[in-house]
Amino acid sequence: MSALLRLLRTGAPAAACLRLGTSAGTGPRRAMALYHTEERGQPCSQNYRLFFKDVTGHYISPFHDIPLKVNSKEENGIPTKKARNDEYENLFNMIVEIPRWTNAKMEIATEEPLNPIKQYVKDGKLRYVANIFPYKGYIWNYGTLPQTWEDPREKDKSTNCFGDNDPIDVCEIGSKILSCGEVVHVKILGILALIDEGETDWKLIAINVNDPEASKFHDIDDVEKFKPGYLEATLNWFRLYKVPDGKPENQFAFNGEFKNKAFALEVIKSTHQCWKALLMKKCNGGAINCTNVQISDSPFRCTQEEARSLVESVLSSPNKENNEEEQVWHFLSK
């Protein structure tokens, strides 16, 4: 009851202000705790941050320190591209930023140390996406692949537009509503090339490998086969979601055609190479914060003690119900 009263006092949409780090529903059938999150500040406020820790309890950057590939071998701290088979090649870690059916635009803070998740602020106000009839909020679990970066100074050969300066986005289409800060294994199925205000903004289509129906999905055609209308809804959502804010409809490369898994994997490979150059200071990342804890030979690597000091420097509002920061464990399906 006290939590409900706190939501009512904020005046923010209740669905958007549910505890963002709390998992919904039952856990994965086979799970292993690899990462957990720590909240700072009050949800639905501009000072809210969701920091990440590894299994040893040390702070990490989800952007830089969580591997792109599942169970990837590492070479100088950066995952190699080797794979045992096609299925292994197609398994990636996804960081969930926005649970399905919610409206708060949560995102990895690429310009802040250790890149916590925060709510996007525009014109001094927290951003919520409008409901686009007949949809409620985001129509997938929305997030990103770590260790990828769409370079704003590099023109994409297939779209002829520069990157949007963010990690590559993922639309997870499984049946479970995931939670903000969860890290899940996904299979890539295809990709859509959104052109957002003149920038290339790739949208990967993927499914949680622990989803009950994941074994049915292998490529983009399977989405239309087993979830008819979902791709069309995805295209319409991305076309219209900024219209309520007074902006024109978004445009797409390839006339809005979804490209297949093979094409998507090449885009991931390219954005991963851009990230490698960024972390090794081989390109100009501008305001992107590259502080990391685990990337060997990176000039931006910091110690565990320095990482803790960075987090402790973040001001957080006192929690009247609990004086300790809430720590929420998330699980990875094996």
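**Note on the predicted model: pocket, core and backbone**

1. Pocket lining. In this predicted model, seven elements each give at least two residues to the lining of the largest pocket: strand 6 (91-98), strand 7 (106-108), strand 9 (121-122), strand 10 (125-126), strand 11 (141-144), strand 14 (199-208) and helix 4 (230-240). The volume of this pocket is about 990 Å³. It is lined by 39 residues, and K105, E107, Y120, R127 and D166 are the closest to its centre. By class, the lining holds 21 charged, 15 nonpolar and three polar residues.

2. Strand 14 and its partners. Strand 14 is one of the elements that line the largest pocket. It is mostly covered, with nine of its 10 residues buried. Strand 12 (residues 169-172) runs parallel to strand 14, and four bridges join the two. In that pairing, E172 stands opposite A206. Strand 13 (residues 183-196) runs antiparallel to strand 14, with 10 bridges between them. There, I195 has T200 as its bridge partner.

3. The hairpin turn. Strands 13 and 14 form a hairpin with two residues between the strands. One point to check by eye is E197, which takes a positive phi near 50° in this hairpin. For context, most residues other than glycine have a negative phi.

4. The largest nonpolar core. This core has 48 residues. Which of them touch the most other members? They are I117, W140, I173, V223, W237 and F238. Strand 2 (49-54), strand 6, strand 7, strand 13, strand 14, helix 3 (220-226), helix 4 and helix 5 (261-279) each supply at least two core residues. Helix 4 gives the largest share, six residues. A second, separate core has 23 residues, including F92, I191, W202 and V267.

5. I173 up close. Neighbours within four places in sequence are left aside here. I173 then contacts R100, W140, L189, I205, A206, I207, F217, V223, K227 and Y230. Two of these contacts, W140 and V223, are also listed with I173 among the core residues that touch the most other members.

6. Helix 4. Its buried residues are Y230, L231, A233, T234, L235, W237 and F238. The cover over them includes strand 11, strand 12, strand 13, strand 14, helix 3 and strand 15 (251-252). Helix 4 also supplies at least two residues of the lining of the largest pocket.

7. T234. This residue sits in helix 4. Is T234 buried or exposed? It counts as buried because its relative accessible area is 2%, under the 20% cut-off. Beyond four places in sequence, T234 touches I139, W140, I205 and F258.

8. Backbone points in the loops. The peptide bond from F133 to P134 is cis, with omega near 5°. P134 lies in the loop between strand 10 and strand 11. Most peptide bonds are trans. Two asparagines have a positive phi: N165, near 75°, and N255, near 55°. N165 is in the loop between strand 11 and strand 12. N255 is in the loop between strand 15 and strand 16 (259-260). N165 is partly exposed, with a relative accessible area of 22%. N255 is exposed, at 80% relative accessibility.

How values were computed: Residues are numbered from 1 along each chain as its sequence is written. This is a predicted model: local features need pLDDT of at least 70, side-chain atom pairs count only at pLDDT 80 or more; totals for chains, interfaces and linings use all residues. Side-chain values use heavy atoms; hydrogens and water are left out. On a 1 Å grid over the protein atoms alone, a cavity is a set of points where a 1.4 Å probe fits but cannot get out, and a pocket is an open set with protein on both sides within 12 Å along at least five of seven lines; lining residues have an atom within 4 Å of a point. Grid points are joined across faces, edges and corners, and a volume is the space filled by probe spheres set on the points. Ala, Val, Leu, Ile, Met, Phe, Trp, Tyr, Cys and Pro count as nonpolar, Asp, Glu, Lys and Arg as charged, and the others, Gly among them, as polar. Buried means under 20% relative accessible area, exposed over 50%, partly exposed in between (1.4 Å probe, protein chains only). Contact means heavy atoms within 4.5 Å. Two strands pair if DSSP finds at least two bridges between them. A nonpolar core is a set of buried Ala, Val, Leu, Ile, Met, Phe, Trp, Tyr and Cys residues joined through side-chain atoms within 4.5 Å.
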